[in-house]
Amino acid sequence: MSDEKTLATKPESDVKINLSTKDLPAEDRKMLKSMFLRTNCLYALWAGQAQAAAGGMLFTMEPALNRYYADQKKRAEAMSRYTSWYNITLNVHPVVSGICAAMERDAAEDENFDVSNIQAVKASLMGPLSGVGDAFFWGVLRIIAAGIGIGLAATGSPLGAIAFLLIYNIPSWIVRWGCQVLGFKLGTSFISKVSESGLMGVVTKAAGILGLLMIGAMTASNVAFNVALTIPVAGSDPIMVQTYLDAMFKGLIPMLITLGCFKLLKKNVNVLWIILGIMALGLVCGLLGIVA
Amino acid sequence: MSDEKTLATKPESDVKINLSTKDLPAEDRKMLKSMFLRTNCLYALWAGQAQAAAGGMLFTMEPALNRYYADQKKRAEAMSRYTSWYNITLNVHPVVSGICAAMERDAAEDENFDVSNIQAVKASLMGPLSGVGDAFFWGVLRIIAAGIGIGLAATGSPLGAIAFLLIYNIPSWIVRWGCQVLGFKLGTSFISKVSESGLMGVVTKAAGILGLLMIGAMTASNVAFNVALTIPVAGSDPIMVQTYLDAMFKGLIPMLITLGCFKLLKKNVNVLWIILGIMALGLVCGLLGIVA
Amino acid sequence: MSDEKTLATKPESDVKINLSTKDLPAEDRKMLKSMFLRTNCLYALWAGQAQAAAGGMLFTMEPALNRYYADQKKRAEAMSRYTSWYNITLNVHPVVSGICAAMERDAAEDENFDVSNIQAVKASLMGPLSGVGDAFFWGVLRIIAAGIGIGLAATGSPLGAIAFLLIYNIPSWIVRWGCQVLGFKLGTSFISKVSESGLMGVVTKAAGILGLLMIGAMTASNVAFNVALTIPVAGSDPIMVQTYLDAMFKGLIPMLITLGCFKLLKKNVNVLWIILGIMALGLVCGLLGIVA
Amino acid sequence: MLYTATMALLAAFVAKWSNNLLGQALTERPLVAGLIAGLFLGDVQTGVLVGAALEAVFLGMVDVGGSVTAEPVTATVLAVAFVSTMGMEQGTAVALAVPIGLLGGLVYSVIHLSISSLAAPLIEKAAATGDPKKVNLVWFVGGGIKHFIVAVPTFLGVLLGAEPMSVVMNQIPDQVIAGLTASGSLLPAVGMAMLMKMLWNNKIAIYWFLGFILVAYMGLGTVGVAAFGAVIVTLVVMNDLDAMKKEKASIAAGTVAADEEEDFFA
Amino acid sequence: MLYTATMALLAAFVAKWSNNLLGQALTERPLVAGLIAGLFLGDVQTGVLVGAALEAVFLGMVDVGGSVTAEPVTATVLAVAFVSTMGMEQGTAVALAVPIGLLGGLVYSVIHLSISSLAAPLIEKAAATGDPKKVNLVWFVGGGIKHFIVAVPTFLGVLLGAEPMSVVMNQIPDQVIAGLTASGSLLPAVGMAMLMKMLWNNKIAIYWFLGFILVAYMGLGTVGVAAFGAVIVTLVVMNDLDAMKKEKASIAAGTVAADEEEDFFA
Amino acid sequence: MLYTATMALLAAFVAKWSNNLLGQALTERPLVAGLIAGLFLGDVQTGVLVGAALEAVFLGMVDVGGSVTAEPVTATVLAVAFVSTMGMEQGTAVALAVPIGLLGGLVYSVIHLSISSLAAPLIEKAAATGDPKKVNLVWFVGGGIKHFIVAVPTFLGVLLGAEPMSVVMNQIPDQVIAGLTASGSLLPAVGMAMLMKMLWNNKIAIYWFLGFILVAYMGLGTVGVAAFGAVIVTLVVMNDLDAMKKEKASIAAGTVAADEEEDFFA
Ligand SMILES: OC[C@H]1O[C@H](O)[C@@H](O)[C@@H](O)[C@@H]1O
Ligand SMILES: OC[C@H]1O[C@H](O)[C@@H](O)[C@@H](O)[C@@H]1O
Ligand SMILES: OC[C@H]1O[C@H](O)[C@@H](O)[C@@H](O)[C@@H]1O
């Protein structure tokens, strides 16, 4: 009882985690390095809407599974855990693989370990992490890198592309390595304590809030639709329909279309059809002169 | 117990209400149509600060009262319920008349029905609904309609006035009809469940918050006062007093005057005196050169 | 029990405090006036990082201590209570001296009064009050006064300085006198009730929130650092590093430096070293051409 | 002149009452009132142009909570009449319309908020009989009378004539006009106060202030505030529902515990 | 021509697959793809300049959630090929690249979302054997095939030739281009929806809306929203931890009380 | 020269100490210090003009929490002296005043934060006697000495002379001036940190960050932040009071229940 209370009152102290690997045994370090390198290939293939990057996740996990499951049958079982749908911003993916590695170790050691927890953690983390990750890596870092890169490349110098790659990838590697270590240590200390103490709900809620907030922000900044229709007025400037749409609600159409796509996805409509639908919608709008 | 718990946890599912009238008996539909038409005349007269639009509310309710109270004495009683002060944005008024119709039906059928609930619902809803309603209909839709209408009319064409009327009134009718149906269905299903379960407090609080928020916004955008006083400075631009008032608090004077009017109203000072007072204040400021 | 409940539900009514001194005995009034005048000298000296303005606080308190402690030995004891570190925006300082005066009276009258409360109130109030006080007096009122004053003085007239002084000091005096009375009345009625009822936690939390919020705002508006570095691009405009810092996080460097100073202070590094450090940092940046 | 005056009165009456018979359809706004006046006075073009100009002028004057800031109908119909039948310049007429609208608002306030009260006891009596027809009689006959009275100043204004009116109006010093304009900008305060009275509650009063500063300091418009309002209300409701749920659960738990205890000690 | 086409195919293949082998290193973005195309086609300068121009054009088109908005590699490599080896004007090539990118996106969508699914059962089977090597075989051989297919349109485009391509493309009416551009701006909606599907939860859905209006109405960028998000999340977590603590305390108290009672009644 | 120097010293002493004897009346700000210097040096006009110019320069340098960012009095009085009695151009004097103010701030820091500490044990001893007069002696005599010392650099500056001063100052490389200016903009960080130390608390620390981003990302000024702060604090207090009320109610209920039980089982 008293233990739990302490945890609840000052969770900071209990879950303080450093990102150094000095306090880890050499074997752990080796495994983490190998996993880190393998995260590069998360999207080497993409197995459609059935598995997405599941194979890449499995490839990342192999060093851990090989290590903890000497027995091929047990390893097969463990491997099969990673064939379900998996998709996440690549740069934060190692958080999940790190946690899963730690949990696999526990599962291998402890017969009573409930392996369905592994699936649950994986499934509940990829959404929020992607919301934050995409917003930062695609929305901020990439734009900064491109800004500098285009500036340099406009003079005809290949330095532009190189600067672009370095500005983006150096933080990407650092973050990914940090995430890999963090994930493993979280899986070792935090996740179990956290799920024992009921803190897990708080953590997933917090991650979910941040994730949804960032996705909402990305929707408003990345999805766009401008109606070109005007109402002609004899002898004066024509009236722009878009102005009145904006007066009603800024970003109304992008918001509705995004929510529409979301509804369709929830009804398990295939993404491809949705993409084709959007394409068709755009074309029809173009042909009718609604956009220009 | 378990029922109530369910309600509290997922109120959405329990109070899902559609706006179609297909699932209503023909008589209900007839009554709602008649009431809807009568909402047009809510302000045909205005009985001063004593009753305001009470007579218009009564006129709206007549189809319901005639239907549910065949007995003239009981009807007289019911009618008298509607002679107390009533004021609301006309476009959302049907929410209240719809709810009241449903409650009158229950009152007519059930001897034990506490009719004071009807008064309470009426009184507690008109404020919040008006806050939101005025903000939308007077503050947004009217401005949009005027923007387009003035544009067209400036060329001398009567189309301006017609466009203005259509842009405002078509949504107005649609919203009013929706509100009428919604109110009746709410009265039938929602209000009773809601008051049983203690949800009523949550609902009125939410409506109150939104209402006050919108009124605050309307105050800031519609009440204005600009001090024209300047402090002359030899050999340089004069200092505008308004600039320093703005530096202190933007909209300070409008805010204080609005709060002052509110205080006076709460002390039951007659509105007419307040209006005359504001008129006098404006004039005095004009004569003293405080405004220009 | 029931008393406390009332307090908790409508604290407004119980702690209503007016700023008039008409309801106070003549002796109280005399004492408050004398204390008010003495607040002027809060910073006549400053005893370094050991006591700061403790001596000024003591000077303010003398009328109260003289009055309540006729016995020199007891007075000595009371006086020693005020030699610990004290620092606060001068204009709100009288709140604290007022409260302390009232508490000293109680302590003098009641043997069982826990005098450590006096220290606690003093120590817990000076932070939040300074956050709000500095923001208003240094951040708003001073700027307004300077704006007008510079305008007038730019014509060569000494009226500028005079207007500047009046615009700042008249509100300053009024606020200080109000604070003095308020503090004393709070000390008399509010603080005891509040600490009995557990409200004290709420009050200090609220003050702390406001204080920190204002200090955060002051940090963002008063601490500045602009990197002058550019990345030269052959044949096109150079790239401003500051632009990319801003894209990362606006005010990143000022924020980090402020937090750094705070960390050092918490580790009891002497302020002087920190100031010298900042000076050196600025110089180095200047010499390296990081700033310009 | 009497003919023109009568036509103007009719135009004003139609514009004003139709507004209140047709669900505040906005027929009393200058844009429409101008058209109506144009139709009655036989000069649609002038009616439309004056209406458009005045719509912009009166755009910000909105009556909420039952308060009155200005009377646009009197102002518009008179301006149209002056231009179309008495040869006033349109610019002069529009300028003249502003003080007329503000003074007209004063007259309308008295009728709307004070004289109209005479109907209240009649409605009460009618309701007490249980006969809806009697109520309707009061409501519509009373409405007719009220809106007729409101139209009378328009009639008088035309009779007085454009020249004298403009002379009279021009004698109003600039400062008075400035003062009236200031009043016009302040009057919405009364309407806001009336709305506030309807739903004030110390526990949530701070949201009024929040709405104010979202506009004053964040530069949001009404729609933007409503969007944030939706977020706030959702969060508050979620939170309250949660609290309610927990409370019920704990009461239930309490009851269960009590039951168990009874069993235990029985 | 076959040589150029083959070089273009290789460039496309390298740009696209290296991106996915090196941790989405952004080698598929026009800035880098242009350089790669320049290297393969022997005209680095053109590659760089065309890449820079197209990077700006495709800057806003971002694929999240697995959806596809446009295929920048096909567009870039073809544009570079047209300019460097077939004498097209750079401006024309850049303009041409937009519809090519959008159409290429469509082709890529079909491969990425539909045809790629063929690998799924193979991976499942491989995993079931417990032999990691088998999984790797599928993953990398499959990846090679997929990225090769994706590069084929580039090959065909070069074979078809700059002139005919631009004739074909120029026959696309302006309205279709406008429509395709509109599609390109709308397509991120699908990616957003896929992300939303991953973490939607009615209890916190309102935060999606909050993020939207913070951008639409407050004019914040992503970093600003993240900063406010940090504040919100901290407050929510603090609050939840507090509630948890209290709940535990009250349970503990309950238990203690019960214990005491037992003692008392024992 | 000695006369001028003495007058300058007096002006600096008066400006600085009166500020601290009169409730931080702002007599140390350039606007007032310039006037005072003008009076002492017999050239009010120059004093006023130089003061106005420097007030704008030092406007953003504010000392909070006891830290020191610059010493405006030394800077102002010297600038006035240089212009009025040594024929320096006003522009040069104002430019010169900036590094002087920053260096002066350094000197003042040492006196204020370090040397002043010497008074601390004396005050303690005086307080322990219980004799207020002794405390006052230390406080005011000490204050006089401190403020005299602070005025000495002004005296020396005048003695040194305008030309040499400006030569010396001009030898300071631009980069050092830039560095000092950067220091001046950074030094308020120390004051902020001192305030933060006074009221930091991990549970509410996030509000510091909120205040920061409201300014940095929402473009609010201090008043705007205060307005939002009022809303936030009201909501927090309301919420806490509510929670307190409920807790008490539940405790009360618990007690009542317990009482009833006792009755029941008695
Ligand atoms: O404010 C509610 C309501 O009050 C009065 O009835 C009129 O001013 C209406 O226009 C308004 O909608
Ligand atoms: O949204 C998460 C993730 O989804 C897909 O895997 C790709 O679109 C990635 O670029 C993205 O980061
Ligand atoms: O920050 C509180 C307080 O600290 C010191 O005493 C001085 O810097 C004052 O100007 C300031 O008001």
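How far does a polar side-chain atom of C:Trp138 lie from an oxygen atom of ligand 3? The distance is 3.1 Å.

This is a predicted model: local features need pLDDT of at least 70, side-chain atom pairs count only at pLDDT 80 or more, and totals for chains, interfaces and linings use all residues. Residues are numbered from 1 along each chain as its sequence is written, chains are lettered from A and ligands numbered from 1 in the order in which they are written, and side-chain values use heavy atoms, with hydrogens and water left out.

**Ligand 3**

- Around ligand 3 there are 14 residues, where a residue is near a molecule if one of its heavy atoms lies within 4 Å of it.
- The closest are C:Tyr43, C:Asn87, C:Asp134, F:Asp63 and F:Gly65.
- The site is shared between chains because residues from chains C and F surround ligand 3.
- Helix α8 (residues 116–153) of chain C gives the largest share of the shell, three residues; helices are DSSP runs (H or I, at least four residues), strands are runs of E (at least two), and both are numbered from the N terminus.
- By class, the shell of ligand 3 holds six nonpolar, six polar and two charged residues. Ala, Val, Leu, Ile, Met, Phe, Trp, Tyr, Cys and Pro count as nonpolar, Asp, Glu, Lys and Arg as charged, and the others, Gly among them, as polar.
- A side-chain N or O atom of C:Asp134 is 2.5 Å from an oxygen atom of ligand 3.
- From chain F, a polar backbone atom of F:Asp63 is 2.9 Å from an oxygen atom of ligand 3.
- Taken alone, ligand 3 exposes 300 Å², and the protein buries 95% of that (accessible areas come from the Shrake-Rupley method with a 1.4 Å probe).

**Ligand 1**

- Ligand 1 lies between chains B and D.
- It is surrounded by 14 residues, and the closest are B:Tyr43, B:Asn87, B:Asp134, D:Asp63 and D:Gly65.
- Helix α8 (residues 116–153) of chain B supplies three residues, the largest share of this shell.
- The shell of ligand 1 has six nonpolar, six polar and two charged residues.
- A polar side-chain atom of B:Tyr43 is 2.7 Å from an oxygen atom of ligand 1.
- On the chain D side, a side-chain N or O atom of D:Gln24 is 3.4 Å from an oxygen atom of ligand 1.
- A polar backbone atom of D:Gly66 is 3.2 Å from an oxygen atom of ligand 1.
- On its own, ligand 1 has 310 Å² of accessible area, and the protein covers 95% of it.

**Annotated spans**

- For chain A, an unreviewed UniProt entry lists "transmembrane region" at residues 40–59, 135–168, 209–235, 247–265 and 272–291. UniProt positions follow the numbering used here, feature names are shortened, and annotations may be inferred rather than shown by experiment.
- Residues 40–59 of chain A are 50% helix and 0% strand, with end C-alpha atoms 10 Å apart.
- Residues 247–265 of chain A are 84% helix and 0% strand, and their end C-alpha atoms lie 30 Å apart.
- For chain D, an unreviewed UniProt entry places this feature at residues 33–58, 94–123, 135–156, 176–195 and 207–238.
- Residues 33–58 of chain D are 92% helix and 0% strand, with end C-alpha atoms 12 Å apart.
- Residues 135–156 of chain D are 100% helix and 0% strand, with end C-alpha atoms 32 Å apart.

**Chains and domains**

- Chains C and D do not touch, and their nearest C-alpha atoms are 10 Å apart; contact means heavy atoms within 4.5 Å.
- Chain D has domain 1 (2–200) and domain 2 (201–266), with bounds from an automatic or database domain assignment.
- The C-alpha centres of these two domains of chain D lie 44 Å apart.

Key:
A polar contact is a pair of N or O atoms within 3.5 Å; within protein, one must be able to donate a hydrogen and the other to accept it, and residues adjacent in sequence count only if both atoms are side-chain atoms.
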